[in-house]
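Okay, thanks for coming, everyone.

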Amino acid sequence: MAKNFTKEDIIKKHETNIKSATSGFSLAGILGIIYVVRYFISGNLNFYFSLAFAEAMLRLCQTEILTTLSALALIAVFFILYIFVIVLIAKDSSRLKLGLGLYLFACLCLVVTGLLRGDSFAPDFFIDVIVHAFVVIFIAVGIRSVKAMKK
């Protein structure tokens, strides 16, 4: 049995997809900030999800490739940019492509983090990969819905 979707149903579905993309992108940023704060409170990097850029910078700091101050400065710049993109997306959902680009950069940092860890096959690394993939999918579906809503 084929279900006949009304125009309102289709619009509601696209609006939900856009809200999910925006929420997923924002939640990833919030969890990334929690990760950094938690690192400075507990001193360890064991947390199931972070924005991989922050984790990569903190790991580079531990290996003394970066100084603590330079790592913190880079993390601060990244999060300021991330929050700026969240605000832009909240004002105009057609800017989700910016969010996807920034998040794909964070995903690329996940590869660097995996190399720095040495135990890339640990279960928590796979959880990070899966969560990053889901966020990318949510954002991509949101971008597709933005395009569909314009039509």
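Of the elements in the protein chain, helix H3, residues 68-91, gets the highest mean pLDDT, at 94, while helix H2, residues 52-62, gets the lowest, at 83. Keep in mind that this is a predicted model. Over the protein chain, the mean pLDDT comes out at 86, with 95% of the residues at 70 or more.

Now, on to the surface. Which residues make up the nonpolar patch there? They're Phe126, Ile130, Phe134, Ile137, Phe138 and Val141, and together they have about 560 Å² of accessible area.

Let me pick out two of those. Phe126 sits in helix H5, which runs over residues 123-150, and Phe138 is in helix H5 as well. Buried, partly exposed or exposed: what is Phe126? Its relative accessible area is 40%, so Phe126 counts as partly exposed, because that label covers what falls between the 20% limit for buried and the 50% limit for exposed. Phe138 has a relative accessible area of 42%, so Phe138 is partly exposed too.

While we're on Phe126, here's a distance for you: its C-alpha atom is 9.9 Å from that of Gly114, and the two residues are 12 apart along the chain.

Last stop, charge. There's a patch of positive charge on the surface, where Lys97, Lys147, Lys150 and Lys151 gather. If you're looking for Lys97, go to helix H4, residues 96-117.

That's my tour; over to you.

Key: Residues numbered from 1 in each chain as written. Predicted model: local features only at pLDDT ≥ 70, side-chain atom pairs only at ≥ 80, totals over all residues. Heavy atoms only, no water. Helix = DSSP H or I, 4+ residues; strand = E, 2+ residues; numbered from the N terminus. Buried < 20%, exposed > 50% of the residue type's maximum accessible area, 1.4 Å probe, protein only. Patch = residues over 30% accessible without salt bridge, like charges linked within 9 Å, V, L, I, M, F, W, Y side chains within 5 Å. Areas by Shrake-Rupley, 256 points an atom, 1.4 Å probe, with all protein chains shown as cover. Salt bridge = Lys/Arg side-chain N within 4 Å of Asp/Glu carboxyl O. Lys, Arg positive; Asp, Glu negative; His and termini not counted. Charge placed at Lys NZ, Arg CZ, Asp CG, Glu CD. pLDDT = per-residue confidence, 0-100.
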